[in-house]
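Visitor: Please show me the structure, and then let us go through it by question and answer.

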Amino acid sequence: MKKRIIYIVLIGLIISLVYISCITNIPDSIILFENEDLEINKILGIEVDLLDEVDSLSEKNVIQTVTQDYNDTETVRFGVELFGIKVKEISVDILEEIEVVPLGGIIGMKLYTKGVLVVGMSEIYGQDNRKYKPYENTGIKEGDTIIRIDDEEILSTEDLVHCINGSNGEQIKVTYIHNEKEVETNITPIQTEKNNYKIGLWVRDAAAGVGTATFYDETTGSIAMLGHGILDIDTEELIDISDGEITKTNIISIVKGKDGKTGRIQGIVEGQQTIGEIQKNTYFGVYGKINNINELNVDSTKTVKVGTRDEIETGQALILCTLDDGKVKEYEIEIEKIYLNNNTNNKSMLVRITDQELLEKTGGIIQGMSGSPIIQNGKLVGALTHVLVQNPKQGYAVFADIMIKEMKEVN
């Protein structure tokens, strides 16, 4: 009798785990192009219905109706039910079919923050030669952004220095962003032996680097780059930008990657010609507008359709990137794994560099190649984003549909 009860309990636990796993694996958000079917793995008792008055339609008919009737970049909600009980919702973004020009050229980027980014803290010596920490107990952390001192807006490090020195040692009100929320605190600057005032914070108001342009939409003038966001080198936080510049750049050298050590493309950013503006820095890429398209050498006759993720296959594909000769070339890669339900980060596919010429020049994926467009069966399906440090021949790529959605939100 006891064994039977144990067996029943075990079977119940196994069934529960199967249902929990199935529901958990249903993504909270999905990106589809027009006329693409909504495909969700289900088991007995799990149903997916549109959360409006057309519940009687089948799932396939519902999604076809939705993708044909809704406007570009609409969000549609579906409910997931387990034996009639709603257990979660799915947000489905419907994108209009689009053609873009794959790029693969190296570009420079300058990003300017909203306020000044706190990148470090240090004790300071006062006129009495004692150590002080004015920032202590204020709640300010590395990665926070100072946006105002008293009622004066802070746009640069110079603004911050001016306000602190203008305090004459009197308490100041500091407004900063922490975890996307505005917070206010008070700090009393300390006068140093050089007769200036400090608060013990190291800050930065700009960042610069090189990367690869992914694609260009000639109907809007929009450009997508990198496939991942630009993080601050000190805080490793996504830089919250006010604006930025896209510049031409010249490749100085290529440092070849090795197992355990990432290689990189070294280029010049400062002093280069500005060809566009950066409007958005996201975990899925950097986006903006081009105002001097001729400087990108874009061939508008080479537009391609953006492939849906269910069209992507494991196997051979191509990337476009620029190396030491300054020309965009095609190189062979292998798509090894596809994470179809991944909408939460920029590691949508696992890829491997197989092209011998590319391996000889770079050792694999190196810094600066992020954003290299991936072409398979004549369609843009993604962009390189990360390298596996222990094996630079392998890395990750983001789905093109995610980048398209991010770009659409800029327009």
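Guide: First a definition: on a 1 Å grid over the protein atoms alone, a pocket is an open set of points where a 1.4 Å probe fits, with protein on both sides within 12 Å along at least five of seven lines, and lining residues have an atom within 4 Å of a point. Grid points are joined across faces, edges and corners, and a volume is the space filled by probe spheres set on the points. This is a predicted model, in which local features need pLDDT of at least 70 and side-chain atom pairs count only at pLDDT 80 or more, while totals for chains, interfaces and linings use all residues. Residues are numbered from 1 along each chain as its sequence is written, and side-chain values use heavy atoms, with hydrogens and water left out.

Visitor: What volume does the second largest pocket have?
Guide: The lining of this pocket comprises 28 residues, and Leu103, Gly105, Leu296, Asn297 and Val328 lie nearest its centre. The volume of the second largest pocket is about 790 Å³.

Visitor: Which strand gives the most to the lining of the second largest pocket?
Guide: Strands are DSSP runs of E with at least two residues, and helices are runs of H or I with at least four, both numbered from the N terminus. Strands S5 (99-102), S6, S18 (250-255), S23 (315-322) and S24 (328-338) each supply at least two residues of this lining. With three residues, the one that gives the most is S23.

Visitor: How many residues of the lining of the second largest pocket are charged?
Guide: Ala, Val, Leu, Ile, Met, Phe, Trp, Tyr, Cys and Pro count as nonpolar, Asp, Glu, Lys and Arg as charged, and the others, Gly among them, as polar. The lining divides into 15 nonpolar and seven polar residues, and the charged ones number six.

Visitor: Which strand gives the most to the lining of the largest pocket?
Guide: About 1,000 Å³ of space lies in this pocket, and 33 residues line it, with Val210, His228, Ile230, Leu231 and Gln367 nearest its centre. Strands S6 (106-121), S15 (201-217), S19 (264-268) and S27 (379-388) each supply at least two residues of the lining. Seven residues come from the strand that gives the most, S15.

Visitor: Which element of the chain has the lowest mean pLDDT?
Guide: pLDDT is the predictor's confidence in each residue, from 0 to 100. The chain has a mean of 83, and 91% of its residues reach 70 or more. Over residues 53-72 the value is below 50, although this stretch has 37 contacts (heavy atoms within 4.5 Å) in the model beyond near neighbours in sequence. Among the elements, strand S26 (residues 373-376) has the highest mean, 97, and the lowest, 42, belongs to helix H2 (residues 59-69).

Visitor: Why should low pLDDT matter to a reader?
Guide: Low values call for caution about position. Where pLDDT is low, the predicted coordinates should not be read in detail.

Visitor: Are Arg309 and Asp401 buried or exposed?
Guide: Their side chains meet in a salt bridge at 2.9 Å, N to O, where the term requires a side-chain nitrogen of Lys or Arg within 4 Å of a carboxyl oxygen of Asp or Glu. Arg309 is in the loop between strand S22 (304-305) and S23, and Asp401 is in helix H5 (residues 400-408), 92 residues apart. Buried means under 20% relative accessible area, exposed over 50%, and partly exposed in between, with a 1.4 Å probe and protein chains only. Arg309 has 7% and Asp401 has 1%, so both count as buried.

Visitor: How many residues apart in sequence are the parts that Lys379 and Glu311 tie together?
Guide: The side chains of Lys379 and Glu311 meet in a salt bridge at 2.6 Å, N to O. Lys379 lies in strand S27 and Glu311 in the loop between S22 and S23, so the parts tied together are apart in sequence by 68 residues.

Visitor: How many salt bridges does a search of the whole structure find?
Guide: One of them joins the side chains of Glu336 and Arg352 at 2.7 Å, N to O. Glu123, Lys131 and Lys133 are linked in a network of salt bridges. For the whole structure, the search finds nine.
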